[in-house]
Amino acid sequence: MLSYDAPMPAAQGQKDTAALATLSGQTAAPMTAGGRAQTYNHHHIWLVTGPAGCGKSTVAEHLSQSLSLPYIEGDSFHPPANIEKMANGTPLTDADRWDWLTVLREESTRLISSGSEGVVLTCSALKRKYRDVIRVAAYYDPSLLIHFIYLDASEETLLQRVAQRKGHYMGVNMVHSQFDILERPGEDEKDVIKVDVSRTLEEVKGDSLHKVVKLMRDDEVEDKQQ
């Protein structure tokens with residue numbers, strides 16, 4: 001179960017902080033053959049996913065602050081009818097989710113079109129076809145790279161966490177219903193990062209950031225080689 005007490009591993013945290021500084025604070029941009037500063041065209045959408053209680057909001061807020069990217073809280077975009085159903089313990093259907101997923105995709109691309117380097121988004125994305133709705137964004141804009149950060153935990157762990165929540169419309173019954181339809185990302189979904197959330201909160205946040213920074217650095221290196 002996630003704990004708020006354990007410290008983040010210092011050595012790895014320092015390395016990731018240094019890597020972020022390198023990514024965001026280059027002293028001089030590489031030059032093209034024509035003498036112009038070279039720019040890197042990729043923008044990243046980081047979707048923090050998983051069932052209720054896995055820590056999506058906490059991890060997403062940490063990534064948003066660390067990467068200086070806007071944060072979209074997916075639950076806040078649910079229409080009132082969806083929230084009422086979930087508050088009453090009624091599982092959402094595919095039909096309930098389509099418009100919501102489309103709105104999240106469009107809000108993400110809107111922020112990037114407005115000048116953001118990327119966005120961090122929370123969305124349960126329980127089924128592969130839900131994840132595919134978000135992936136469509138890359139077909140419209142080849143500069144977009146979509147990444148899913150799947151927070152993986154057992155149903156028992158998440159039931160314990162949700163039972164301790166106060167004032168949240170997502171109850172214990174919704175954890176059961178989400179696991180009933182959950183399709184864990186397959187090995188062929190190469191845009192998925194899996195993070196084990198049975199550890200302490202600080203370990204989960206640190207591991208998530210470390211994996212995100214590594215992907216960003218790998219993408220930067222690939223861009224420079226092109």
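Predicted model: local features only at pLDDT ≥ 70, side-chain atom pairs only at ≥ 80, totals over all residues.

Mentor: Let us begin with Ile149. Leaving aside residues up to four places away in sequence, Ile149 touches Trp46, Leu47, Val48, Thr49, Leu63, Ile193, Val195, Ser208 and Val212.

Ile149 belongs to the largest nonpolar core, which has 49 residues. Together with Trp46, Val48, Leu63, Leu67, Ile146 and Leu151, Ile149 is among the residues that touch the most other members of that core. Strand E4, residues 144-152, gives the most to this core, with 6 residues. As a general matter, nonpolar side chains tend to be buried together in soluble globular proteins.

Leu63, one of the contacts of Ile149, leads us to helix H2, where Leu63 is buried along with Lys56, Val59, Ala60, His62, Ser64 and Leu67. The spacing of such a list can be read against a general rule: an α-helix has 3.6 residues a turn, so residues three or four places apart point the same way. After H2 comes Ser68, whose phi is positive, near 55°.

Cys54 counts as buried because its relative accessibility is 0%, and Cys123 counts as buried because its value is 2%; the cut-off for buried is under 20%. The structure holds 0 disulfides.

Turning to the whole, the protein chain has 8 helices and 5 strands, in the order α-β-α-β-α-α-β-α-β-α-α-β-α along the sequence. Of its 226 residues, 45% are buried. Among contacts with a separation of 6 or more, 76% join residues 24 or more positions apart.

The protein chain averages a pLDDT of 83, and 77% of the residues score at least 70. Strand E2, residues 71-73, has the highest confidence, at 98, whereas helix H1, residues 10-24, has the lowest, at a mean of 53. The pLDDT stays under 50 over residues 1-9, for which the model has 26 contacts beyond four places in sequence. It also stays under 50 over residues 24-40, with 18 such contacts.

Notes. Residues numbered from 1 in each chain as written. Heavy atoms only, no water. Disulfide = S-S within 2.5 Å. Buried < 20%, exposed > 50% of the residue type's maximum accessible area, 1.4 Å probe, protein only. Helix = DSSP H or I, 4+ residues; strand = E, 2+ residues; numbered from the N terminus. pLDDT = per-residue confidence, 0-100. Contact = heavy atoms within 4.5 Å. Core = buried A, V, L, I, M, F, W, Y, C linked by side-chain atoms within 4.5 Å.
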